[in-house]
Amino acid sequence: MQAGRRLAYGALVVLALSALLPPHLNGNWVHVLTLFFMMSSLAQAWNLIGGFAGYASFGNVTFFGVGAYACAYAMNALHWPFATAFLLAVVAGAALAAVLGWPILRLRGHYFAIATLGIAIGMQALVAELPPLGKGSGMTLPINSNFHFFYWSMLGILMASIALTAFIAQSRFGYALVAIRENEEAAAVLGINAARAKVFAWSLSAAITGAAGATYAYWTSFIDPPTVFDLNFNVLMIIMTLLGGAGSIVGPTLGAFILSAIGEYLGAQSVSPWHTVVLGAIIVLVVVLLPRGLMPYLTGNLRAFNLNALRAQLRASRV
Amino acid sequence: MNVINIAHGAFIMLGAYTSYWLFVGPMHLDPFLSIPLAMIVMFVLAYLIQRFIVNQVIRAPMLATFLLTFALSIIIANVAQIYWSSDIRSITTAYSGSSITFGAITIPWVRLWTLVIAIVMTLGLQTFMTHSKIGRAIRATSMDVDAARLSGVGVGHIYALTFGIGGALAAAAGSLVSVSYAITPNMGDSFVVRAFVVSVLGGLGNVTGALVGGLVYGVIESFGALIFGEGYKDVVALAVLLLVILFRPYGLVGRATA
């Protein structure tokens, strides 16, 4: 974990320096990097519940949508400034996760996955029916064309989430989450209040996700249910985290960087069916060949790409 | 079998397209008659997918198979879109418009036959699972892979066979819906979540439970739409899903085990 922390500090320095970039970039690159910061934040947030605690949430996109709608409602109907609307979104995400988490986080495996998937789809259907939220036709927000502001906002959310993860990884709370992931009964025997730790982890995850959702809403200035509750966001969070290394500190950001770079190379601006086919193929390769992600190779836990280790791991997972 | 197959919807879509191409092709095969062909095609495809891809990660955490089948599903749907375009297609047979009337209730013939075939298939699957040697092997593998292997069950083959049967049934479902619904490369999406809800309502791993789950779900969805309005039917259905998972995780008709 020591090497992981050093990598995290390195990543934070690089990201801090990237705050100087916007004046030197054209609009397209500002857009691409803002999107990369956003996806990294979402993956970092997913990593807290899915990577550390081992609860694979397919419902994290719910908090993205709720954050986006909370921000849109506060700015559009209540005429709040962005800063307070943003705070509302963070609180709304965390509170929703806490309320849903108490019953849902008692479930495990398939049941947890299906329940969270159900929440994501159900929340999208619910929001699409609520008149104050514009029903299915979406909501508009005040237009802010200072795109550098969104670049810095998303960058700030990402750096905060990495710093938070680095702090959690070496705290009693972080150890509790890892213990829960490895063996929940044993963790409980050690005196860990598993329910409280899991709910807290999901709330933190939801707070970051809600923050990203709020910023996204203000950035695009128009949101509707299919966009902000898009399950593909959730799948991308998971696959970015797995590619980098679930349960590591900056693995999710590394995974997001690689997938974003590939997407950019393939021309992410025009989402073609072939682009999606390549994404699917990458997921298959990552799941089969790199179940622990890339991080172990970088932190020295696995020294080099080792064909024998890969064979042993494949033997253990197949029938 | 502890594999959540997100690609189930894609299999349904492929089944529907198989029936479509056989219907518009030179054979002009009736969609109800093309069911066995669609089932054979999809059985083989699903068997190969499980044998050579999904079996590689079957012992890894559940997330691995979940993501893998998701990836397969987007690959299949997008390849279908590339080759068959996203045009909406439909099958119109000579008897599409005819229906049968019981008093105040009118039921299209195609829907009635769909119901009959679904019931026959469910009962057939139930019999197969409880009385055949392969069915016993499938249940044994699902309970304990290692114990099944030690008892001489070829678990790799059994996993693939089970996935193949699932694929064949999805294909049958696809052929059946092709006569009532529009056929598009993304048509499967709306069926996957419903298939989950129905399976959970019936109890995972419970064959006849799935039929009960399907009926209960259909009634809840329709009444939810009637009481709260059409747009709320998904909300109601998913709220029911959450309640069942929390309070009766073994399904509406199942019994708690271990």
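**Exercise 1. Exposure of A:Ser221**

Decide whether A:Ser221 counts as buried, exposed or partly exposed in this predicted model.

Solution. Start with the count: A:Ser221 has 15 C-beta neighbours inside 10 Å. A buried residue needs 20 or more such neighbours, and an exposed one has 12 or fewer. The count of 15 therefore makes A:Ser221 partly exposed. Next, locate the residue: A:Ser221 sits in the loop between helix 9 and strand 2 (222-223) of chain A. Finally, check the backbone: the phi of A:Ser221 is positive, near 60°, and the residue is not a glycine.

**Exercise 2. Exposure of B:His28**

Work out which exposure class B:His28 belongs to, and where B:His28 lies in chain B.

Solution. B:His28 has 8 C-beta neighbours inside 10 Å. Exposed residues are those with 12 or fewer, so B:His28 counts as exposed. Its place is the loop that runs between helix 1 (8-24) and helix 2 (35-52) of chain B. B:His28 also has a positive phi, about 50°, although it is not a glycine.

**Exercise 3. The hairpin of chain B**

Describe how strand 1 and strand 2 of chain B are joined.

Solution. Strand 1 covers residues 99-102 and strand 2 covers residues 105-108. The two run antiparallel and are joined by 4 bridges. Across the pair, B:Ile100 stands opposite B:Ile107. The hairpin has 2 residues between its strands, and B:Gly103 takes a positive phi near 55° there.

**Exercise 4. The overall form of chain A**

Compare the radius of gyration of chain A with that of a compact globule.

Solution. For 319 residues, a compact globule would have a radius of gyration near 20 Å. Chain A has 19 Å, which agrees. Along the principal axes, the C-alpha atoms of chain A fill a box of roughly 55 × 45 × 35 Å. Its secondary structure consists of 15 helices and 2 strands. As for burial, 51% of the residues of chain A count as buried.

Notes:
Residues are numbered from 1 along each chain as its sequence is written. Chains are lettered from A and ligands numbered from 1 in the order in which they are written. This is a predicted model: local features need pLDDT of at least 70, side-chain atom pairs count only at pLDDT 80 or more; totals for chains, interfaces and linings use all residues. The radius of gyration is taken over C-alpha atoms; the globule rule is 2.2 Å times the number of residues to the power 0.38. Two strands pair if DSSP finds at least two bridges between them.
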